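Subject: Structure handover

Hello,

Here is the structure for you to look over. My notes on it follow below.

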Amino acid sequence: MNTTQDKQEKIVSMFDDIAPTYDTANRVMSMGVDKSWRRKACDLSYEFYGKDAIEKIVDVACGTGDMMDFWNARAKKLDITVSDIVGVDPSIGMVDVAKKKYPTFNYHISKATDIPLDDASCDIVSITYGIRNVVERKDALEEFNRVLKKDGLVVILEFMKNENPSFLGKMRDFYMNKILPRIGGFISKNLEAYEYLPNSIEDFSTVENMQNELENAGFEMLYTQSFSMDISTLLIARKK
Ligand SMILES: C[S@@+](CC[C@H](N)C(=O)[O-])C[C@H]1O[C@@H](n2cnc3c(N)ncnc32)[C@H](O)[C@@H]1O
């Protein structure tokens with residue numbers, strides 16, 4: 001097996017291992033602040049898209065499914081009809097949890113680089129706290145472009161690498177590097193998995209780099225905002 005595949009399989013198997021405790025660990029570690037970021041991602045995307053009837057939203061790296069639930073709940077609140085919400089994730093363990101929580105959505109066990117949907121069949125593709133785990137990111141962004149309709153949106157929420165952190169940014173890094181792995185490791189009994197999280201942020205892209213990658217994959221940037229001491233960043237781009 002080559003190293004890219006090796007690395008990717010190791011990541012997916014780590015998520016399989018922590019799947020049963022993922023939601024509990026997440027609730028404790030995020031203290032619920034991610035909810036407002038998710039809500040904002042949905043509301044702004046619906047506003048940019050400007051349609052009150054949407055055929056298909058695909059949540060890639062759907063994990064235990066919470067973002068799909070946000071797409072559904074915010075659509076109802078805003079009087080938007082969404083016919084199909086689809087979750088895609090290569091971790092059987094994570095998707096099993098999602099299916100139990102949200103049985104009405106549709107699911108595919110697949111990687112971001114290999115989405116089993118037709119060309120130009122989706123209105124919105126989201127990936128929340130997932131793109132960092134995709135080893136072949138360029139291929140994945142091109143795959144999002146392939147499945148999206150013209151003018152369709154890609155919506156990314158992620159912890160981005162901070163090159164010149166402010167004082168508050170340094171506090172974020174301290175929390176992520178020193179405190180978060182211990183909490184997650186304690187709840188999941190898998191310290192290695194939660195040590196991976198800050199390491200993967202250090203290895204990850206800056207916001208500017210991510211914007212360039214999206215543009216190179218055929219998207220036009222619509223919106224970028226960092227929330228709560230730059231902990232989390234929202235990017236929305238449109239397929240040209
Ligand atoms: C931190 S979880 C995020 C889950 C969910 N999106 C959320 O917002 O809570 C990251 C997810 O990425 C998935 N993942 C890892 N590698 C992937 C890949 N190559 N393509 C798609 N998803 C992947 C993992 O299985 C895991 O469910």
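How many residues surround the ligand, and which are the closest? The count is 18, and the closest are R38, A61, D89, A112 and T128. Bear in mind that this is a predicted model.

**Ligand**

**Helices α1 and α4**

Next, the helix pair. Helix α1 covers residues 3-30, and helix α4 covers residues 92-101. Their axes are 7 Å apart and meet at an angle of about 30°. Angles under 35 degrees count as roughly parallel, so α1 and α4 are roughly parallel to each other. On the α1 side, the contact is made by F15, D16, A19, Y22 and D23. On the α4 side, I92, G93, M94, V97 and K101 take part. By type, the residues of this contact are 6 nonpolar, 1 polar and 3 charged.

**T64**

T64 belongs to the loop between β1 and α3. Is T64 buried or exposed? T64 is buried, because its relative accessible area is 2%, and the cut-off for buried is under 20%. The T64 side chain makes a polar contact with the D23 side chain, at 2.7 Å. Neighbours within four places in sequence aside, T64 also touches Y22, M94, V97, A98, K101 and Y102.

**K56**

K56 lies in strand β1, residues 53-60. Its relative accessibility is 17%, so K56 counts as buried. Which side chain does the side chain of K56 make a polar contact with? The partner is D84, at 2.8 Å. Beyond neighbours within four places in sequence, the contacts of K56 include D84, V86 and L117. S121, C122, D123 and I124 are also among them.

**E142**

Last, E142 in helix α5, which spans residues 137-147. With a relative accessible area of 35%, E142 is partly exposed. E142 and N106 are 36 residues apart along the chain. Their C-alpha atoms are separated by 22 Å.

Best wishes

How values were computed:
Residues numbered from 1 in each chain as written. Predicted model: local features only at pLDDT ≥ 70, side-chain atom pairs only at ≥ 80, totals over all residues. Heavy atoms only, no water. Axes fitted to C-alpha atoms, helices over the stretch in contact; angles between N-to-C directions. Helix = DSSP H or I, 4+ residues; strand = E, 2+ residues; numbered from the N terminus. Parallel < 35°, antiparallel > 145°, perpendicular 65-115°, else oblique. Contact = heavy atoms within 4.5 Å. Nonpolar A, V, L, I, M, F, W, Y, C, P; charged D, E, K, R; others polar. Buried < 20%, exposed > 50% of the residue type's maximum accessible area, 1.4 Å probe, protein only. Polar contact = N/O pair within 3.5 Å; in protein donor to acceptor, adjacent residues only side chain to side chain. Near = heavy atom within 4 Å.
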